[in-house]
Amino acid sequence: MSNKEVKAALKSARDAIRNKEYKEALKHCKAVLKQEKNNYNAWVFIGLAAAELDQCDQAKGAYKKAIELEPNQLLAWQGLANLYEKSNQTDVKGDLAEVYQKLLELCESGDKQKWCDVCNKLVELYHQEKKYLEVAKTWQKLIQMKQEEGAEKAELHQLWKKMIQLLKDSTQNKYNKTEQLLLTAFEHAVNSADTVPGEDHQNLYKDFIQCLSKFPHETARLEKACKDMMVLYPTVSYPLEVLCLHFVQSGTLSEEALHYFSKLLEMDASSGPGIIGFGIKCLQEKKYKEAIKSLTEGLQKTSQCPAAWHYLAEAQMKIHKHRDAVLSCNQALEALGTPEGPSLRWKNLILQLKAEALIKIADADAAEEAIKALEQIVDASSDPVVLAIRGQAYLNKGLMDQASKISQELLLSHPDLAESHALEGFIHYSQKNYKQAERSFLNAIERKAETAEYHHYLGLTYWFMSDETKKDKGKALTQFLKAAKLDSYLGSVFCYLGNYYRDIAGDKSRARGCYKKAFELDGTDKESGTAAVDLSVQLGDMDTALSILNEATEKASPGTAKWAWLHRGLYYLRTGQPSQAVADLQAALRADPKDSNCWESLGEAYLSRGSYSTALKSFRKASELNPELMYSIYRAAAVEQILGKYENAIATYQQILKKTEDYVPALKG
């Protein structure tokens with residue numbers, strides 16, 4: 001076959017393909033290959049015809065042979081690309097990507113439109129495969145090509161936006177090369193928009209800021225983006241809210257942060273992040289109740305802010321609302337999810353605070369929960385303060401050996417740490433080794449004089465050590481006063497100050513003031529509430545006594561605050577208000593249905609009201625619960641007498657006289 005005949009056969013093959021006579025085309029190509037086995041065009045035409053006849057393997061082999069012969073010729077690569085594109089097999093996608101890459105290489109210096117088409121196809125393929133880094137790099141090449149060709153700003157803007165769209169699902173909240181390229185795309189997109197300010201641009205900026213806020217390493221860029229957006233859109237609160245939340249999460253509150261909190265509240269008084277910021281400012285200023293109010297309100301609007309929950313727990317700890325603090329810590333941990341990077345620091349802080357709150361609750365279950373919380377702290381074993389907390393948890397759980405072991409280790413490894421000596425003090429105090437406890441607490445105070453708890457426990461140590469130390473003004477009293485000065489929310493210290501002024505100094509008025517303060521700080525402190533009421537009565541100040549009782553009963557949930565209901569019921573009984581007395585004494589019995597004295601008083605109240613049958617039932621219930629209550633048995637007989645049940649009354653009087661022969665009321669009856 002001459003050169004001329006080869007050309008003629010190839011022309012016939014091309015015509016046959018054009019006329020969809022693919023088998024005919026194959027014959028012509030094979031004839032050529034007999035003569036010239038390395039004829040590039042013949043192999044390409046075989047690839048084309050075989051592909052149309054669904055002979056994919058033959059087509060693939062032909063194209064690959066052609067590529068082997070002429071690796072830098074376009075035709076075979078394009079044919080192979082078309083073949084892979086039509087294939088339903090998933091395993092060809094990797095091969096197709098390589099083909100596209102080669103086509104880009106071959107088209108780069110020639111047909112720019114073809115290069116862009118292939119580039120789009122390659123990006124689409126990578127996107128389907130979720131190979132986001134390749135998507136980003138390839139798309140960036142496309143934009144670069146367009147820039148070199150002098151594309152319009154508007155076209156480039158759309159291309160950057162398309163890149164954002166392609167990469168938006170890539171963010172796994174992990175900071176990597178793909179994320180860097182996404183942020184670069186955002187920066188170019190916001191800077192290349194035509195209508196600024198405008199709605200599309202504003203939304204784009206919001207998306208950019210939202211994306212930045214996912215990456216803890218991009219704080220400088222986040223701050224800049226928020227501030228830039230604030231300049232462009234001064235009435236939009238979004239960038240300011242993100243900036244404020246960023247400052248909250250950073251854990252360091254500068255003057256700048258406080259300025260932005262105020263600015264946000266001026267713009268929108270109901271903004272969650274703004275209210276949270278104000279709450280943190282109150283916490284810094286030691287206005288704990290205001291801090292709790294604002295942080296609670298802010299978190300109702302912006303609940304997914306772990307740092308804010310931590311600040312709320314901190315404020316609750318300051319006023320000794322320990323159970324509330326535990327709940328806030330749990331919310332913080334929930335909002336954190338699975339932390340990494342800077343969030344891990346928050347997790348450790350929250351778990352430590354939760355453990356401290358649980359230890360203050362001071363029961364074995366809470367101690368068990370505290371130990372579990374401490375076990376989750378990363379590198380806890382290397383932190384002596386966390387170890388000291390663990391020691392206290394063991395102590396509260398009654399595991400004295402473990403607590404003592406930690407205490408001894410800490411005193412050896414960290415003798416200058418106040419917490420080491422305090423733990424030793426708590427252990428001695430729990431064992432009533434008051435002399436040793438005194439030494440430990442003095443050592444702790446020497447190292448950390450501003451801790452109210454240490455002064456409080458030293459005061460308690462003196463209180464129980466001996467009568468001398470209890471009465472000595474320079475011992476228990478001085479320590480309690482120091483503790484109260486350092487922590488004006490520590491209710492129990494005011495209770496002991498009340499005990500001192502009442503039992504030792506004999507100053508009823510001052511004692512009453514201390515008990516009242518203790519009860520105001522802790523509405524569940526029955527001892528202080530009762531003492532404040534009793535002293536008010538002794539001082540002839542019934543108004544104060546009643547106001548304390550009213551406050552206690554208003555706050556009480558059903559079945560609680562028996563002491564307050566009972567005291568107020570007896571007051572109403574004494575002052576001739578039987579109906580109110582009945583209501584209060586019934587409430588007291590809901591808290592403790594087995595109190596015989598309370599049943600007796602209720603009987604009196606019913607009797608004063610003229611409800612004889614119910615009075616009789618109450619007196620009988622009292623004597624049932626306590627058969628030694630002669631007065632109740634006698635009152636039951638007296639009521640039976642009033643009701644005309646004379647035989648019953650006589651029998652009851654005789655029953656009393658059997659036990660107590662000279663019980664005058666029964667003899668009279």
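Tutor: Happy to! Let us begin with Leu80, which sits in helix H5, residues 74–86. Keep in mind that this is a predicted model. Is Leu80 buried or exposed? Its relative accessibility is 3%, and buried means under 20%, so Leu80 counts as buried. Which residues does Leu80 touch, once those up to four places away in sequence are set aside? They are Lys60, Tyr63, Ile67 and Val99.

From one buried residue we can go on to a whole group of them. In soluble globular proteins, nonpolar side chains tend to be buried together. In this model, the largest nonpolar core has 218 residues. Met163, Val248 and Tyr311 are the residues with the most contacts inside that core. Helix H19, residues 342–361, gives the most to this core, with 9 residues.

Leaving aside neighbours within four places in sequence, Met163 is in contact with Ala136, Trp139, Ile143, Leu181 and Ala185. Met163 also takes part in a meeting of two helices, H8 and H9. The axes of helix H8 (residues 132–148) and helix H9 (residues 153–167) come within 10 Å and cross at roughly 175 degrees. That angle makes H8 roughly antiparallel to H9. On the H8 side, the residues that meet H9 are Tyr132, Val135, Ala136, Trp139, Gln140, Leu142, Ile143, Lys146 and Gln147. On the H9 side, Glu155, Leu156, Leu159, Trp160, Lys162, Met163, Leu166 and Leu167 take part. By class, the contact of H8 with H9 divides into 12 nonpolar, 2 polar and 3 charged residues.

Helix H12 covers residues 219–232 and helix H13 covers residues 238–250; they pack at an angle of about 150 degrees, with their axes 9 Å apart. H12 and H13 are therefore roughly antiparallel to each other, and their crossing is left-handed. H12 brings Thr219, Leu222, Glu223, Cys226, Lys227, Met229 and Met230 to the contact, where they meet Pro239, Leu240, Val242, Leu243, His246 and Phe247 of H13. The contact of H12 with H13 has 9 nonpolar, 2 polar and 2 charged residues.

A further pair to look at is H15 and H16. Helix H15 (residues 272–284) packs against helix H16 (residues 288–301) at an angle of about 160 degrees, with the axes 7 Å apart. That makes H15 roughly antiparallel to H16. H15 passes H16 in a left-handed crossing. Among the H15 residues in this contact are Gly272, Ile275, Phe278 and Leu283, while those of H16 include Tyr288, Ala291, Leu295 and Lys301. The residues of the contact of H15 with H16 divide into 10 nonpolar, 4 polar and 3 charged.

Next, turn to two loops. Lys20 lies in the loop between helix H1 (3–18) and helix H2 (22–35). Lys20 has a positive phi of about 60 degrees, although it is not a glycine. With a relative accessible area of 62%, Lys20 is exposed. His320 is in the loop between helix H17 (306–318) and helix H18 (322–336). The phi of His320 is near 65 degrees, again a positive value in a residue other than glycine. His320 is partly exposed, with a relative accessible area of 23%.

Glu527 is found in helix H30, residues 526–538, and at 45% relative accessibility it counts as partly exposed. Not counting residues up to four places away in sequence, Glu527 touches Cys495 and Asn499. Glu527 and Cys495 are 32 residues apart in sequence, and 8.0 Å apart in space from C-alpha to C-alpha. Ala638 belongs to helix H36, residues 630–642, and counts as buried at 14% relative accessibility. The C-alpha atoms of Ala638 and Thr652 are separated by 9.2 Å, with the two residues 14 apart along the chain.

Technical notes:
Residues are numbered from 1 along each chain as its sequence is written. This is a predicted model: local features need pLDDT of at least 70, side-chain atom pairs count only at pLDDT 80 or more; totals for chains, interfaces and linings use all residues. Side-chain values use heavy atoms; hydrogens and water are left out. Helices (H or I, at least four residues) and strands (E, at least two) are DSSP runs, numbered from the N terminus. Buried means under 20% relative accessible area, exposed over 50%, partly exposed in between (1.4 Å probe, protein chains only). Contact means heavy atoms within 4.5 Å. Axes are lines fitted to C-alpha atoms, for helices over the stretch in contact, and angles run from 0 to 180 degrees between N-to-C directions. Angles under 35 degrees count as roughly parallel, over 145 as roughly antiparallel, 65 to 115 as roughly perpendicular and the rest as oblique. A crossing is left-handed if the near helix is turned anticlockwise from the far one by less than a right angle, and right-handed if clockwise. Ala, Val, Leu, Ile, Met, Phe, Trp, Tyr, Cys and Pro count as nonpolar, Asp, Glu, Lys and Arg as charged, and the others, Gly among them, as polar. A nonpolar core is a set of buried Ala, Val, Leu, Ile, Met, Phe, Trp, Tyr and Cys residues joined through side-chain atoms within 4.5 Å.
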